[in-house]
Amino acid sequence: MADAFDSPIDIDDQPSPTALGGRAQVATSVGIAAVLLLLLNAHALALWADGLKPGPRTAGIYAAAQGLSSRTAARGLDAPRATLRAGWQRLQAADWPDQR
Amino acid sequence: MLFPTLDFALFFLPVLVLVWTVGQASNEWRKIILLLASWIFYGAWDWRFVALLIASAAINWSLAQRVHARAEAGESVQPWLGLGVAANLAILGFFKYFGFFLAELAPILTAAGFGRDLPLIEIILPVGISFFTFQGMSYLIDIARRQTQPASFLDLTLLMSFFPHLVAGPIVRASHLVPQFAAVPRLTRTMVSASLILIVWGLFKKAVIASELATGLVDTAFRDPAALSGLDLLAGAYGYAVQIYCDFSAYSDMAVGIAGLMGYRFPRNFDQPYRAASLQDFWRRWHISLSSWLRDYLYISLGGNRGGVWFVCRNLMLTMLLGGFWHGAKWTFLIWGGLHGLVLAIERLWREWRPSAAPFLPRPLAILFIFHIVLAGWIFFRADTLAGALAYFAEMAAMRPGITLTTPLMAGLIGLGMAIHFAPPALLPVLARRVAAWPAPLTGIAVGLAILAIDTMRGDGIAAFIYYQF
């Protein structure tokens, strides 16, 4: 017997304006988000690969991640990340007027 | 393997693909995939304890079979139920409390001449043990109370191992999840959009607000309160109230979202707890799956609301003391639980004997008052030792002038965390419906950009969730 319980994702489904159902929607949206992050945030992948234990298997992953990071940076795709990061660091460094 | 890491993303994406491809054709294979994935998830922390997880599920499943058979035959279930509860408590007690009791008993045993015989062993606490043993116990008790049907071994093992809730809840009961395992779930567009929003929202709360407050303010304030001003310590206390809410509710949000993307519904675990106008109300809004567990399996078993008012107060106090001890083998958690028990008992006595002419406290003032009771409790909860907690109160009361630790960003994050907490409950459904109407590629771009923004704001590395230690 199932308990009636309240879940945050219990939301009435609306008639969809597109043909995609839930499965196709999750595949498309998660896939696109992953590709976008690979392009705009390859730095994070390179950082992650840098933390892997060195070995013959990880050497390939490391080289691929570093290569992707360099190629995306060369095309300026890391600019949004760098701009946001600089803004955030300015916020972190900000102090009260009388403390400066 | 923490949710807000690339390790987890690289683990979860293939699992998601498998459950909606192989797992779409066969529900049994879907469950096997989820079970194996859950063991890999848990094994990434320590492989040895996967065996403990399986053993715990096997014990609960086999004892529940006996309890059910006896209940069906009209015989007493107490012997098998008692054995099952004792087995769960023994597992929890050994890993979580053995060291504490040994340390507390050591002076007495040493004085009695048994000091050199003390078994000095360092016990590693398996992540999430408090959660999966409570799940096992609730399953057994529900079977004995005939509130749920016996689950197959696969279903029960999956229930207890399911990776979204495995290490820090919500405590999902058999009656919540096992019926959902009966068939391949149907995934709707609003489920997907709500799940994605919860994951991104949780990432933001954890990686930006909770982590930044922890490293920039709270950890320093609690490490050396004597070196800080009164305002910094006050900000540290408020900061911790926001940090623990953002940290734990973030985990719950992400757990609900991750399960939701695979088609499963988890119960709500938070409902604006700092809006509570009484402590009883607070416990209906904070860590709802634990408070309802304590109510259903401990408070009611102790007698609940039956008997006189003093008996009810005793039950409240015992429930909260044990609830505090559930969080960890430390005096600070016992004091925290005791404080909540005491205030709950006072509320109960006040309701019983309140003079009819006594005025009611206006709701905003009641909310403010209860928030500060909760805040005082958080200082005990956060401090490493009882002496540390008392020193924090003393140094805060000293109100030394100046402000050195609380930067505008920290003050802003406390304000933002509170604002997020007070966001209207209807916001998620409204957003989820709106996002569900978007074309999926647009949703993907929005999710990708949101994660990018969060990743730029997070510090290097990420601290474990506070509730991982429980």
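Start with chain B, which has 18 helices and 0 strands; helices (H or I, at least four residues) and strands (E, at least two) are DSSP runs, numbered from the N terminus. The model is predicted: local features need pLDDT of at least 70, side-chain atom pairs count only at pLDDT 80 or more, and totals for chains, interfaces and linings use all residues. Residues are numbered from 1 along each chain as its sequence is written, and chains are lettered from A and ligands numbered from 1 in the order in which they are written.

**Chain B as a whole**

Show the C-alpha trace of chain B, which spans about 65 × 65 × 60 Å along its principal axes. Its radius of gyration is 23 Å, close to the 23 Å that the globule rule gives for 470 residues, so chain B is as compact as a globular protein of that length. The radius is taken over C-alpha atoms, and the rule is 2.2 Å times the number of residues to the power 0.38.

Of the 470 residues in chain B, 46% are buried. A residue is buried if 20 or more other C-beta atoms lie within 10 Å of its own, exposed if 12 or fewer, and partly exposed in between, with C-beta atoms placed from the backbone.

**The two domains of chain B**

Colour domain 1 (6–105 + 121–184) and domain 2 (190–464) of chain B separately; these bounds come from an automatic or database domain assignment. Taken over C-alpha atoms, their centres are 26 Å apart. Where they meet, 22 residues of domain 1 of chain B are in contact with 18 residues of domain 2 of chain B, contact being C-beta atoms, placed from the backbone, within 7 Å.

On the domain 1 side, select helix H1 (6–25), helix H4 (78–111), helix H5 (129–144) and helix H7 (174–177) of chain B, which each give two or more residues. H5(B) gives the most, with 5 residues. By class, this side of domain 1 of chain B has 14 nonpolar, 7 polar and 1 charged residues. Ala, Val, Leu, Ile, Met, Phe, Trp, Tyr, Cys and Pro count as nonpolar, Asp, Glu, Lys and Arg as charged, and the others, Gly among them, as polar.

**H4 and H5 of chain B**

Keep H4(B) and H5(B) in view: they pack at an angle of about 175°, with their axes 10 Å apart. That makes H4(B) roughly antiparallel to H5(B), a term for angles over 145 degrees. Axes are lines fitted to C-alpha atoms, for helices over the stretch in contact, and angles run from 0 to 180 degrees between N-to-C directions. Residues of H4(B) to pick here include B:Leu81, B:Val85 and B:Phe95, and those of H5(B) include B:Ile129, B:Met137 and B:Leu140. The residues of this contact divide into 9 nonpolar, 5 polar and 1 charged.

**Across to chain A**

Chain A has 4 helices and 0 strands. Buried residues make up 21% of its 100 residues.

Within H1 of chain A, pick A:Ile32. It counts as partly exposed because it has 19 C-beta neighbours inside 10 Å. Leaving aside its neighbours within four places in sequence, A:Ile32 is in contact with B:Pro441, B:Gly444, B:Ile445 and B:Gly448.

Finish at H2(A), whose buried residues are A:Ala42, A:His43, A:Ala44, A:Leu45 and A:Ala49. Their cover includes H1, helix H3 (56–74) and H4 of chain A, together with H1 and helix H18 (440–457) of chain B.

How values were computed: Contact = placed C-beta atoms within 7 Å. Parallel < 35°, antiparallel > 145°, perpendicular 65-115°, else oblique.
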